[in-house]
Amino acid sequence: MNEIIAILIATVLAWLNFVLIDIWMGLPEAPGVRGAKAIGKSIEKRGGDLGGGYFSGNIVCSPDASAGTLLASCGYYGFGGPEGGLIAALFVYFGNRMCADPGYAGTTGALSITFIIWIVSHFGITPNYFIVGMVIAILTIQGLYHPLSSKLIAKMARKMNRKVLE
Amino acid sequence: MIEETIIACIIIYMILRLFITQNRLERMPYLNVINFGVAAVITLKNPSPLGAITSMVYFILATVGANAIAFTISKVKEIEHGD
Amino acid sequence: MVIEFVYAAAILMIVGALGGVLQTRPIDKFLMLAVLGDGLISIVATFGYLDVAMASSFMTFVGIIIMMIGLVRVLEIRKMRGEIG
């Protein structure tokens with residue numbers, strides 16, 4: 001029972017980390033690459049929101065804070081300390097430049113989740129729970145029902161004063 | 001352990017949804033969830049620095065590959081439906 | 001019952017191969033090929049061969065990128081000759 005509670009707390013922390021940093025870096029505003037625009041238009045055609053569609057498209061086509069969170073947790077677990085999170089930030093930086101994406105969402109997400117894991121690991125939530133939590137978090141955004149999750153992302157973006165393109 | 005079971009169930013659910021749907025662009029987010037799952041399993045089964053590095057290399061290359069597939073789907077749609 | 005990961009990887013490979021056979025357009029076949037490659041890399045990594053997994057992931061995804069470039073070029077040449085649309 002202790003493990004289930006730890007996985008739930010890690011899921012909530014990973015979800016908040018990657019969604020808030022991505023919306024703050026402006027992912028729902030514009031499509032970064034051409035594939036993201038196609039995925040966004042397809043979600044809008046099926047009844048969702050265009051800003052939320054661009055958010056999902058940017059997650060698929062380029063490493064962003066979701067990739068940074070997952071790889072930083074993997075690095076922290078494998079290396080046994082915060083240096084794994086820094087190495088993950090370096091890999092995500094290379095991946096961003098390979099996809100021709102001039103942003104820093106991935107590195108910011110990786111560094112912030114490394115700090116969060118370093119604090120929380122004193123309370124007994126080890127990094128492997130964050131790895132599973134991140135997979136469950138990305139399932140809720142991209143795997144269940146696209147129109148509903150895109151509308152939720154657009155609502156959060158408006159609340160954070162990010163102008164969503166219509 | 002329980003983490004492996006959770007990720008295996010998520011991957012099986014995603015692959016069945018990917019096989020069933022007909023819309024090409026709806027399959028891309030399901031493929032992305034599968035990439036997340038495989039990258040997580042590589043590190044969970046090999047808790048060593050080399051396992052973490054392999055997981056990072058796999059995930060970055062899989063994201064660039066999914067970018068190429070999405071770009072090609074949009075290009076094919078543009079060529080066939082007459083610009 | 002504990003579902004081990006080996007079963008999920010086997011389902012990935014079987015569905016990827018079946019999908020590659022049953023789909024008709026080349027672009028759909030490439031997507032199923034990516035799923036098949038995912039399953040192969042994951043099962044190689046589960047059994048501990050990490051350097052094989054890293055080399056195999058390089059070859060799979062660079063191959064997919066090169067095939068995508070080729071597919072776009074073939075379709076553009078066919079459109080220019082007037083065989084599509």
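Helix 3 of chain B and helix 2 of chain C are roughly antiparallel to each other, a term used for angles over 145 degrees. This is a predicted model, in which local features need pLDDT of at least 70, side-chain atom pairs count only at pLDDT 80 or more, and totals for chains, interfaces and linings use all residues. Residues are numbered from 1 along each chain as its sequence is written, and chains are lettered from A in the order in which they are written.

- The axes of helix 3 (residues 49-80) of chain B and helix 2 (residues 26-46) of chain C cross at roughly 175° and come within 11 Å; axes are lines fitted to C-alpha atoms, for helices over the stretch in contact, with angles from 0 to 180 degrees between N-to-C directions.
- Helices are DSSP runs (H or I, at least four residues), numbered from the N terminus.
- Among the residues that meet are B:Tyr58, B:Ile69 and B:Val76 from helix 3 of chain B, and C:Phe30, C:Leu31 and C:Ile41 from helix 2 of chain C.
- This contact has 10 nonpolar, three polar and no charged residues; Ala, Val, Leu, Ile, Met, Phe, Trp, Tyr, Cys and Pro count as nonpolar, Asp, Glu, Lys and Arg as charged, and the others, Gly among them, as polar.

**Contacts between chains**
- Of the two pairs of chains in contact, chains A and B share the most contacts, a contact being two residues whose C-beta atoms, placed from the backbone, lie within 7 Å.
- Chain B contributes 36 residues and chain A 37 residues.
- On the side of chain B that touches chain A, helix 3 of chain B supplies the largest share, 15 residues.
- That side of chain B divides into 25 nonpolar, nine polar and two charged residues.
- Chain A and chain C are joined by no contact, and their closest C-alpha atoms lie 12 Å apart.

Note on methods: Helices (H or I, at least four residues) and strands (E, at least two) are DSSP runs, numbered from the N terminus. Angles under 35 degrees count as roughly parallel, over 145 as roughly antiparallel, 65 to 115 as roughly perpendicular and the rest as oblique.
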